[in-house]
Amino acid sequence: MTKIDLRSFSPEVFRVFSQQPPLLTAGDRRELNTMTIGWCQLGEVWHMPICTVFVRPERYTYSFMESHDYFTVSVFDPSWKAMINDCGRRSGRDVDKVKAHNLTVCYGEGDAPYFAQAEWALVCKKMYFTDLNPSRMLDERLKGFYQTDGLHRIYMGEVRELYQKDN
Ligand SMILES: Cc1cc2nc3c(=O)[nH]c(=O)nc-3n(C[C@H](O)[C@H](O)[C@H](O)COP(=O)(O)O)c2cc1C
């Protein structure tokens with residue numbers, strides 16, 4: 001992976017995040033966990049490039065998001081679909097997903113783990129979090145997402161590094 005200038009990067013975010021759900025990873029050189037996410041936003045807030053992710057409290061990844069200052073978002077090409085589906089179905093409580101899929105871990109700023117096989121990966125430093133509040137949902141369709149599991153915690157991270165796969 002090569003570190004590249006974020007300001008020269010222009011992913012088609014609506015296509016990528018709907019068709020290539022990334023892996024959200026948190027941890028360090030000692031321990032980490034990863035899971036598939038469908039919800040991810042990129043943009044400018046507080047004069048910073050910000051990546052926002054949504055994590056339900058039931059996820060094992062949630063505890064890693066809470067205990068670490070950094071998280072990463074790794075986007076894979078569509079040929080990794082089976083791995084992405086599996087990482088979105090099985091929990092790190094039951095299986096080591098990194099080993100199961102022979103993923104190679106790289107470390108960015110803050111020892112934040114991401115994956116060498118990704119097309120590109122963002123290393124983000126947590127800036128802010130908040131929890132979704134049902135009383136502020138302005139459209140009934142939103143409530144449909146919360147019949148069983150808990151409300152997502154929203155994490156906003158400053159994008160500190162961008163790595164792209166060497167061709
Ligand atoms: C395509 C897809 C997108 C997903 N997006 C999210 C998401 O944005 N937030 C979330 O909390 N869970 C999401 N999930 C569910 C988690 O990936 C899944 O529950 C996973 O097994 C959690 O793993 P963990 O317990 O090791 O953290 C998604 C699953 C799939 C298949």
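This is a predicted model: local features need pLDDT of at least 70, side-chain atom pairs count only at pLDDT 80 or more; totals for chains, interfaces and linings use all residues.

Reader: Why is Val159 called partly exposed?

Author: Val159 has 17 other C-beta atoms within 10 Å. A residue is buried at 20 or more and exposed at 12 or fewer. The count for Val159 lies in between, so Val159 is partly exposed.

Reader: Where is Val159 found, and which residues does Val159 touch?

Author: Val159 is in strand S10. Not counting residues up to four places away in sequence, Val159 touches Leu6, Pro49, Ile50, Cys51, Leu122 and Cys124. Between Val159 and Lys126 there are 33 residues in sequence and 9.0 Å in space, taken from C-alpha to C-alpha.

Reader: How do you know that S5 and S10 pair?

Author: Two strands pair if DSSP finds at least two bridges between them. S5 and S10 have six bridges, so they meet that condition, and their sense is antiparallel. Within S5 (48–55), Ile50 stands opposite Glu158 in S10.

Reader: What makes S1 and S10 a pair?

Author: Strand S1 (residues 2–3) is joined to strand S10 (residues 153–164) by two bridges, and the strands run antiparallel. The condition is at least two, so S1 and S10 count as paired. Thr2 is placed opposite Gln164 in S10.

Reader: How many bridges join S9 to S10?

Author: Strand S9 (residues 120–131) and S10 are joined by 11 bridges and run antiparallel. Ala121 stands opposite Tyr163 in S10.

Reader: Which residues touch the most other members of the largest nonpolar core?

Author: The core has 32 residues, and Val53, Phe71, Val73 and Ala121 touch the most other members. The elements that give two or more residues to this core include strand S2 (23–27), strand S6 (70–75) and strand S8 (113–115). Ala121 is in contact with Met1, Thr72, Val73, Ser74, Tyr114, Phe115 and Tyr163, leaving aside neighbours within four places in sequence.

Reader: Why are the buried residues of H2 said to line one face of the helix?

Author: The buried residues of H2 are Thr61, Phe64 and Met65. Seen down the axis of H2, they fall within an arc of 100°, so they line one face. These residues pack against S2, S3, S5, S6 and S10.

Reader: Which residues come nearest to the ligand?

Author: Gly38, Thr61, Gly88, Ser91 and Gly92 come nearest, out of 20 residues around the ligand. Strand S3 (32–36), strand S5 (48–55) and helix H2 (60–67) each supply at least two residues of this shell. S3 gives the most, with three residues. By class, the shell has seven nonpolar, eight polar and five charged residues.

Reader: What makes the phi of Trp46 worth a remark?

Author: Most residues other than glycine have a negative phi. Trp46 is not a glycine, yet its phi is positive, at about 55°. Trp46 is in the loop between strand S4 (40–45) and S5.

Reader: Why does Trp46 count as exposed?

Author: Trp46 has 10 C-beta neighbours inside 10 Å. The limit for exposed is 12 or fewer, so Trp46 counts as exposed.

Technical notes: Residues are numbered from 1 along each chain as its sequence is written. A residue is near a molecule or strand if its C-beta atom, placed from the backbone, lies within 6 Å of it. Helices (H or I, at least four residues) and strands (E, at least two) are DSSP runs, numbered from the N terminus. Ala, Val, Leu, Ile, Met, Phe, Trp, Tyr, Cys and Pro count as nonpolar, Asp, Glu, Lys and Arg as charged, and the others, Gly among them, as polar. A nonpolar core is a set of buried Ala, Val, Leu, Ile, Met, Phe, Trp, Tyr and Cys residues joined through C-beta atoms within 7 Å. Two residues are in contact if their C-beta atoms, placed from the backbone, lie within 7 Å. The arc is that of the directions from the helix axis to the C-beta atoms.
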